[in-house]
Amino acid sequence: MYKAPRGTSDILPQEQAYWKYVEGKAASLCQLYGYQLLTTPIFEDSQLFAPTVAGGQIAVDKEMYIFEDRSGQKLALRAEGTAPVCRAYLEHGLFNLPQPVKLYYLGPAFRYERPQAGRYRQHHQFGYEAIGDADPALDAEVIEMARRFFLSLGLAGFSFQLNSIGCNLCQPKYIEALRRHYSSYTAHLCPDCKARLLRNPLRLLDCKKASCQKIAETAPRITEYLCPECQAHFQSVQQYLEALGIPFQLNYRLVRGLDYYTRTVFEVGPREEGAQSALGGGGRYDNLIEQLGGKPTPAVGFAAGIERIILNLKRQKIAIPALSKPTAFIAYLGEGAKIRAIKLASELRQSGIAVIAATGAKSLKGQLRQADSLSASYAIIIGEREVETQSAVLRDMITNKQETVPLAEIVSSLKQNKKT
Ligand code: AMP
């Protein structure tokens with residue numbers, strides 16, 4: 001028996017209400033802030049992700065799905081959403097538009113990770129990017145937008161952590177200081193951190209191991225190393241957030257996994273914290289577009305994991321609007337009635353009424369059970385007598401009351417009852 005590959009899951013019909021809810025809120029939010037939808041391919045040139053994953057949380061060689069197609073081209077399943085958006089920005093000359101260009105996306109991301117609660121090999125992200133403007137007001141807007149998104153979903157108790165990781169000028173000096181600090185503790189570092197010390201020292205700060213956390217506590221802080229421009233930018237972001245009434249905590253150890261981040265970084269934590277808990281995160285990535293072959297272009301964005309959002313909606317028992325149910329289920333008894341039922345189903349659909357027509361040769365009881373399990377508001381029953389009298393029995397599936405209605409009046413009758 002086949003199973004969905006490890007770390008992936010089917011989204012069954014009963015789960016879809018959550019997805020529709022989250023995706024609907026995401027789309028309304030983006031409309032409200034003037035972000036337009038961009039859909040990019042599921043796979044890209046594998047090199048596209050090199051700057052976004054190198055040294056970050058995702059290791060290109062170990063954690064990406066990379067494959068060669070039949071022509072020998074090296075492709076990668078989308079590992080995250082920002083690089084493809086920037087690729088499209090460059091490819092379609094969106095830099096010629098008035099800046100910033102504001103885009104959002106919704107779709108799957110693939111990472112070969114060890115699956116656990118809240119961490120999958122295929123997950124879905126909603127993200128948005130504002131490209132082409134360095135104004136710290138945009139950082140604040142991106143954060144405010146994330147907050148409004150979680151509030152609109154009805155989630156409570158989430159919190160924002162904020163930091164600045166500087167720029168090309170000040171970050172290297174800080175990294176040097178960090179290296180110096182950690183070098184005197186190499187014997188106490190976990191194996192991952194030993195590798196980080198060589199390849200990506202910034203990430204040393206967010207190691208979850210208790211022994212490494214202790215070393216992080218006494219580590220130099222980036223805020224002491226920011227150049228005057230980064231300092232001013234960080235101050236402005238905080239000032240705008242305060243003006244907008246957005247609570248946040250400064251966390252000098254928040255670094256984000258990816259190489260291309262500059263200046264502002266932020267993360268959204270849920271009410272119930274856990275190992276794999278971040279609802280979303282984002283920040284500025286002023287170097288990425290240049291790394292992808294464009295002119296130096298500042299940008300800022302955010303991405304959230306939809307599975308984790310749904311996990312939290314369930315934990316907080318947030319009521320989700322139900323998906324629409326069929327108005328009627330058409331049951332029949334006998335071959336003559338079947339033709340009438342098929343025709344009636346077609347006519348009702350023509351009038352915009354959602355119906356499910358029975359098939360096969362089930363008993364009436366079996367057909368009504370099916371109508372019930374599909375949550376149809378009505379069952380329309382046609383037997384021999386109804387064929388003769390050009391009518392149908394209309395049964396309210398909640399009250400079980402039924403009446404005989406002339407065929408010509410079924411549409412108006414269903415519409416009058418307002419359950420259509
Ligand atoms: P990232 O691209 O790593 O910044 O991830 C953005 C958001 O996507 C995270 O905050 C999580 O909510 C979610 N996420 C990242 N990786 C996974 C994963 N493997 N499984 C489920 N959700 C994930």
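Glutamate 176 counts as partly exposed, at 40% relative accessibility. This residue belongs to a predicted model, and a search of the whole structure finds 10 salt bridges.

- Glutamate 176 pairs with arginine 179 in a salt bridge whose closest N and O atoms are 3.8 Å apart.
- Both residues belong to helix H6 (residues 171–183), where they sit three residues apart, about one turn of the helix.

- The side chains of arginine 87 and glutamate 44 form a salt bridge, with an N to O distance of 2.7 Å.
- Arginine 87 is part of helix H4 (residues 82–91) and glutamate 44 is part of strand S2, so this pair ties together parts that are 43 residues apart in sequence.
- Arginine 87 and glutamate 44 are both buried.
- Aspartate 286 and arginine 284 also meet through their side chains in a salt bridge, at 2.9 Å from N to O.
- Both aspartate 286 and arginine 284 are buried.
- Through shared partners, salt bridges join Glu44, Arg87 and Glu91 into one network.

**Surroundings of the ligand**
- There are 15 residues around the ligand, and Arg111, Glu113, Tyr120, Arg256 and Ala278 come nearest.
- Strand S6 (122–131) and strand S11 (299–305) each contribute at least two residues to the shell around the ligand.
- Glutamine 125 places a polar side-chain atom 3.3 Å from an oxygen atom of the ligand.
- Leucine 279 has a polar backbone atom 3.1 Å from an oxygen atom of the ligand.
- For glycine 305, a backbone N or O atom lies 3.2 Å from an oxygen atom of the ligand.
- The ligand exposes 490 Å² when taken alone, and the protein buries 94% of that area.

**Phenylalanine 160**
- Phenylalanine 160 is found in strand S7 (residues 159–164).
- With a relative accessible area of 4%, phenylalanine 160 is buried, because buried means under 20%.
- Leaving aside residues up to four places away in sequence, phenylalanine 160 touches several residues, including Ile143, Pro247, Phe248 and Phe266.
- The C-alpha atoms of phenylalanine 160 and leucine 292 are separated by 30 Å, and the two residues are 132 residues apart along the chain.

**Phenylalanine 43 and the surface**
- Phenylalanine 43 is found in strand S2 (residues 43–45) and is partly exposed, with a relative accessible area of 44%.
- Together, Ile42, Phe43 and Phe67 make a nonpolar surface patch of about 250 Å².

Definitions and conventions
Residues numbered from 1 in each chain as written. Predicted model: local features only at pLDDT ≥ 70, side-chain atom pairs only at ≥ 80, totals over all residues. Heavy atoms only, no water. Helix = DSSP H or I, 4+ residues; strand = E, 2+ residues; numbered from the N terminus. Buried < 20%, exposed > 50% of the residue type's maximum accessible area, 1.4 Å probe, protein only. Contact = heavy atoms within 4.5 Å. Patch = residues over 30% accessible without salt bridge, like charges linked within 9 Å, V, L, I, M, F, W, Y side chains within 5 Å. Areas by Shrake-Rupley, 256 points an atom, 1.4 Å probe, with all protein chains shown as cover. Salt bridge = Lys/Arg side-chain N within 4 Å of Asp/Glu carboxyl O. Near = heavy atom within 4 Å. Polar contact = N/O pair within 3.5 Å; in protein donor to acceptor, adjacent residues only side chain to side chain.
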